[in-house]
Amino acid sequence: MHNKGKKEYVQNYMPISLFCVVSKVFVRCVLNNIREHIYQDIKTWQHGFTQGKSCVTNPLQILNYIGSVLDTGGQIDSVYLDMSKTFDKVNHKLLLDKLQLSGIGGNLLQWFRSYLTNPMQRVTVHGSTFANLPVRSDVPQGPILGLALFSSMCNDLPNAATSSHVAMFADDTKLFKDIPTIKDCTKLQNDLDQLQTLSENSGMKFNTSKCKSQTITGN
């Protein structure tokens, strides 16, 4: 499916998982039975795909913090991060390990392993369909279960930030901190470095062309 930019460039397209109706119903039944278990562990900084939170609560959390710092004459530095094709780069083994650590096991874990094993992908252009190719990493995009799996996968990434605040909406991440002294600039940079290292170790790298920084003051 075309996602952005010029249609002539293959990198501007994203894959969509096509499921039959029976599969969609079954996947929803699975999600309905594990939703509470998965989302009880989702950190408070995640606003995407989370009940009671949205693209509105995300900036409100940040604006509230910015306002409190500006009221005291302070400065906030904020870094806006975007991961490169995150949904396509979720490592299946790491995801299954996370599900197991969250308490999912037995037949349900085996079902997830089957669900993620040997998926195939093919491209159709102007009525011509190419040969199937294996998908090595992703969460299925289309079924609602994929959103829950993605949230579980990236849930622990912001733990790398020990001195700064984090707010996320899906893979869009904001790292922000008040800067009363030059040492706080170093702390923010250290958190950014740690976050980058942890994301790369999980196979989900930042898209540096979309990452921006901003300094906010009352001046």
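A residue is buried at under 20% relative accessible area, exposed at over 50%, and partly exposed in between (1.4 Å probe, protein chains only). This is a predicted model: local features need pLDDT of at least 70, side-chain atom pairs count only at pLDDT 80 or more, and totals for chains, interfaces and linings use all residues. Residues are numbered from 1 along each chain as its sequence is written, and side-chain values use heavy atoms, with hydrogens and water left out.

Start with Met1. Its relative accessibility is 55%, so Met1 is exposed. Thr173 is another matter: at 4% relative accessibility, Thr173 counts as buried. Thr173 belongs to strand β7, residues 172–178 (strands are DSSP E runs of at least two residues, helices H or I runs of at least four, numbered from the N terminus). Beyond its neighbours within four places in sequence, Thr173 has contacts (heavy atoms within 4.5 Å) that include Val79, Leu81 and Leu195.

Now the charged pairs. Side chains of opposite charge can pair when their charged atoms come close. A salt bridge here needs a side-chain nitrogen of Lys or Arg within 4 Å of a carboxyl oxygen of Asp or Glu. The count is 2 salt bridges. One joins Lys93 and Asp97 at 3.2 Å, N to O. Both residues lie in helix α3, 4 residues apart, about one turn of the helix. Lys93 is exposed at 59% relative accessibility, while Asp97 is partly exposed at 29%. Asp184 and Lys177 also form a salt bridge, at 3.3 Å, N to O. Asp184 and Lys177 are both buried.
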